[in-house]
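Subject: Structure handover

Hello,

Here is the structure for you to look through. My notes follow below it.

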2 protein chains.
Amino acid sequence: MSLHATPRLPTLHQQLTDRLRRMIVEGMLAPGAKINEQALAERFGVSRTPMREAIRALATEGLVVLTPRRGAAVAPITRADLEEAFPVLGALEALAGELAAQRITEAGIGTARDLHARLVASHSDGDFRGYSKANAAIHRLILDFAGNETLTRMLQSLDGRVRRARVQANISPERWAAAVAEHAEILAALEARDGPRLGAVLRQHIANKLTSLIERLQL
Amino acid sequence: MSLHATPRLPTLHQQLTDRLRRMIVEGMLAPGAKINEQALAERFGVSRTPMREAIRALATEGLVVLTPRRGAAVAPITRADLEEAFPVLGALEALAGELAAQRITEAGIGTARDLHARLVASHSDGDFRGYSKANAAIHRLILDFAGNETLTRMLQSLDGRVRRARVQANISPERWAAAVAEHAEILAALEARDGPRLGAVLRQHIANKLTSLIERLQL
DNA sequence: GCTACGTATTTTGTATACAGAATGCCAAAA
DNA sequence: TTTTGGCATTCTGTATACAAAATACGTAGC
């Protein structure tokens with residue numbers, strides 16, 4: 001007789017929320033595209049009720065914009081949006097880095113080294129897909145060792161909103177090389193357990209991403 | 001024929017969301033209290049449908065926790081929650097401060113001075129209500145001049161989650177005095193348009209709040 | 001040909017209905 | 001007394017129904 005909430009099977013609208021979120025983040029639904037409740041519900045083989053709840057959940061996350069009596073649309077990505085989101089991302093990642101540097105274990109540093117090696121190797125091979133995976137894994141590792149669930153949720157929510165832009169814009173070779181170099185600094189700061197330095201490096205890392213992204217997208 | 005979304009009258013569930021949010025933030029619904037859809041809907045004189053949407057919106061904000069097939073409850077405030085939320089609050093406020101210091105106008109600094117004077121006077125008068133108002137207004141001013149809508153929304157959402165705890169715990173005289181002193185530094189950094197300093201001061205300000213809060217609540 | 005107006009259709013917002021899971025209660029057995 | 005099983009009730013999750021607003025379309029007027 002546990003007092004803790006036991007994991008239940010996810011309800012329909014939760015599944016729908018996940019599916020729809022993926023569709024938006026992966027770019028299958030273009031920014032600005034109108035979302036028709038009925039049509040979507042039919043496509044997923046459900047009624048409008050759980051579909052509505054999913055759409056509204058994503059609206060609270062910022063992936064969807066609602067206009068009363070006019071329906072929902074995939075949130076557009078403007079240059080202003082990116083210029084707003086990235087500083088916040090930077091501040092949150094910096095915090096994650098500071099915390100992670102304090103709390104990371106030896107084993108964790110080992111994992112970070114492995115991931116970093118894979119990241120460098122992928123870059124050498126010109127394997128952007130592999131690079132992206134290693135990159136995501138490193139940021140995830142930092143988040144995990146930061147050990148702050150609130151921070152994790154906010155960061156991932158915000159990341160989902162800008163990832164769409166990153167998918168759209170291919171990285172430039174120069175930016176890619178620079179990012180790899182920055183990752184060396186990230187690893188170094190982590191190994192040294194230097195929180196403030198790791199925070200600063202991550203923040204700069206993200207600021208650089210924005211600059212390059214805006215250039216590429218020419219927004 | 002404007003292309004921009006014109007303001008429409010708010011739909012029922014939007015109003016319900018606001019009402020319910022206030023009830024939770026102001027403490028009328030105690031943390032951990034179970035929320036009965038039917039009962040709430042009847043109390044507000046609406047059907048379950050918009051009531052559900054309101055509840056779920058607040059769940060995405062973190063004010064309500066949902067357990068599938070078991071319903072909703074006001075999110076409890078644990079010590080761990082506060083210890084997670086405050087560092088994030090600090091990082092976001094620090095960012096707001098950095099941005100505001102860069103962008104604030106002369107008139108804005110003037111307003112800040114006025115608000116600060118009111119804050120100090122309220123403290124001298126032992127008027128905590130007035131102090132709170134001035135305090136909120138100063139933080140709001142910083143947010144406004146930061147000019148980052150994304151940041152504003154995330155900060156306010158997170159603030160709503162911890163405000164409940166602050167309402168519960170009366171401030172100690174010592175902490176109150178210290179907070180007033182810290183506010184002098186905040187104003188000074190703002191007048192000097194020293195972003196990094198303002199960021200650091202705000203971050204410390206919030207860290208101190210947490211310490212005192214945990215002592216008072218004895219969580 | 002273009003605009004303006006009125007009607008038909010679509011779509012959202014809300015209410016109601018129904019099915020199944022969770023909870024509470026009571027009785028019977030150990 | 002405590003526990004266990006089953007039944008009744010309550011509540012959530014989903015589907016459907018209905019009303020009103022928004023949109024699309026066609027026609028009349030210029």
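Strands β2 (residues 64–67) and β3 of chain A run antiparallel and are joined by 4 bridges. Helices (H or I, at least four residues) and strands (E, at least two) are DSSP runs, numbered from the N terminus. Two strands pair if DSSP finds at least two bridges between them. A:Thr67 has A:Gly71 of β3(A) as its bridge partner. The hairpin of β2(A) and β3(A) has 3 residues between the strands, and A:Arg69 there takes a positive phi near 65 degrees.

A note on the model: it is predicted, so local features need pLDDT of at least 70, side-chain atom pairs count only at pLDDT 80 or more, and totals for chains, interfaces and linings use all residues. Residues are numbered from 1 along each chain as its sequence is written, while chains are lettered from A and ligands numbered from 1 in the order in which they are written.

β3(A) has another neighbour. Strand β1 (residues 34–35) of chain A is joined to β3(A) by 2 bridges, again antiparallel. Here A:Ile35 stands opposite A:Ala72. Side chains in a regular strand alternate between the two faces of the sheet. In β3 (residues 71–74) of chain A, A:Ala72 and A:Val74 make up the covered face, and A:Gly71 and A:Ala73 the uncovered one.

Two or more residues each come from α2 (37–44) of chain A, and from α1 (12–25) and α3 (48–61) of chain B. α3(B) gives the largest share, 3 residues.

Now the two chains. 25 residues of chain A are in contact (C-beta atoms, placed from the backbone, within 7 Å) with 25 residues of chain B. On the chain A side, α4(A) gives the most, with 8 residues.

Last, the core. A nonpolar core is a set of buried Ala, Val, Leu, Ile, Met, Phe, Trp, Tyr and Cys residues joined through C-beta atoms within 7 Å. Buried means 20 or more other C-beta atoms within 10 Å of the residue's own, with C-beta atoms placed from the backbone. The largest nonpolar core has 78 residues, and A:Leu92, A:Ala96, B:Leu92 and B:Ala96 touch the most other members. Leaving out residues up to four places away in sequence, B:Leu92 touches A:Ala91, B:Leu151, B:Met154 and B:Leu155.

Best wishes

Methods:
A residue is buried if 20 or more other C-beta atoms lie within 10 Å of its own, exposed if 12 or fewer, and partly exposed in between; C-beta atoms are placed from the backbone. Two residues are in contact if their C-beta atoms, placed from the backbone, lie within 7 Å.
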